[in-house]
Amino acid sequence: MEKAIEVNNLYKSFKLGKESVEVLKNINFTIYKGEFLSIMGPSGCGKSTLLYLLGGLDNPTEGSIIVNGRDYGNMKEKEKSRMRRTELGFVFQFYNLVPNLNVEDNILLPILLDGKKPKAYAKKLDEILDIIGMTERRKHTPRELSGGQQQRVAIARALLFEPELILADEPIGNLDSKSGMEIMKLFKTINKKYGTTIVQVTHSNEAASYGSRILNLRDGEVEKDELSA
Ligand SMILES: Nc1ncnc2c1ncn2[C@@H]1O[C@H](COP(=O)(O)OP(=O)(O)O)[C@@H](O)[C@H]1O
Ligand SMILES: [Mg+2]
């Protein structure tokens, strides 16, 4: 199996004044391509910190992270930022949509920001609108949509460049459980259809059961790492 992410002897601490707080301690694991992993654990145990490190959004204090065969430690900031834009998809708890842009333009935002022509992505746009079940609402603005629908748009935006890896930090943390499970089904569809590797942080056992593997963190250490039933 091909590796999507390799984490070796990872440590992360934050300086608060003179004190240094060790948030992640000697984390080691490998995620293979096509896995759907859920990171779980109590609030404050370092889940978001780990996810941001996996996305190259922050640097470890010690240790290495290798994504798609490339070690963040050997990459320039510019290369990392390019990789984030073109190979990774990020999904957050609070959707991060632009309120006065409609669904289509919110999805196409990475292309508009890149100065590329949206026309070249017309077919891709139709395809992902269909996957998220929002074809009929493509001209609506976020305020006309439910939370679950807004999160679908955010996921569609993350799919635009056909990322190999999607990183989602509590994607259903703000949704009722029915809408949340629909988002989980959508992730599962994406995982199966495109073979996209998915890593999500979640507090919900039910949500985690949609994935293939659960990594439990406790006090900054891996407590348990097992395939889900
Ligand atoms: N930028 C930061 N500066 C200082 N402390 C931080 C920073 N980011 C996170 N922390 C601390 O690291 C710990 C883990 O945070 P986090 O990864 O957000 O936890 P989780 O997502 O599991 O709830 C917390 O104690 C938090 O206060
Ligand atoms: Mg968090």
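**View 1. Strand 9 and strand 10 form an antiparallel pair.** Six bridges join strand 9 (residues 213-218) to strand 10; two strands pair if DSSP finds at least two bridges between them. Helices (H or I, at least four residues) and strands (E, at least two) are DSSP runs, numbered from the N terminus. Arginine 213 is placed opposite leucine 227 of strand 10. The hairpin of these two strands has two residues between the strands, and aspartate 219 takes a positive phi near 45 degrees there. The model is predicted: local features need pLDDT of at least 70, side-chain atom pairs count only at pLDDT 80 or more, and totals for chains, interfaces and linings use all residues. Residues are numbered from 1 along each chain as its sequence is written, while chains are lettered from A and ligands numbered from 1 in the order in which they are written.

**View 2. An open sheet of six strands has the order 6-7-8-3-9-10.** Its pairing is mixed. Strand 6 (88-91) and strand 10 (221-227) are the edge strands, and each pairs on one side only. On average, neighbouring strands of the sheet are turned by 15 degrees against each other, direction ignored. Axes are lines fitted to C-alpha atoms, for helices over the stretch in contact, and angles run from 0 to 180 degrees between N-to-C directions. Within the sheet, strand 7 (residues 165-169) and strand 8 (residues 197-201) run parallel and are joined by five bridges. Leucine 167 has valine 199 of strand 8 as its bridge partner.

View 3. The axes of helix 5 and helix 6 (residues 177-194) come within 9 Å and cross at roughly 20 degrees. The two helices are therefore roughly parallel to each other, a term for angles under 35 degrees. Ala, Val, Leu, Ile, Met, Phe, Trp, Tyr, Cys and Pro count as nonpolar, Asp, Glu, Lys and Arg as charged, and the others, Gly among them, as polar.

**View 4. Helix 3 meets helix 5.** The axes of helix 3 (residues 103-113) and helix 5 come within 7 Å and cross at roughly 35 degrees. On the helix 3 side, the residues are Val103, Asn106, Ile107, Leu109 and Pro110, which meet Val153, Ala156 and Arg157 in helix 5. Six residues of this contact are nonpolar, one is polar and one is charged.

View 5. Strand 1 and strand 4 (residues 62-67) run antiparallel and are joined by five bridges. Isoleucine 5 is placed opposite valine 67 of strand 4.

**View 6. Strand 1, strand 2 and helix 1 contribute to the shell around ligand 1.** Strand 1 (3-16), strand 2 (19-32) and helix 1 (47-54) each supply at least two residues. Helix 1 gives the most, with three residues. By class, the shell has five nonpolar, six polar and one charged residues.

Technical notes: Parallel < 35°, antiparallel > 145°, perpendicular 65-115°, else oblique. Contact = placed C-beta atoms within 7 Å.
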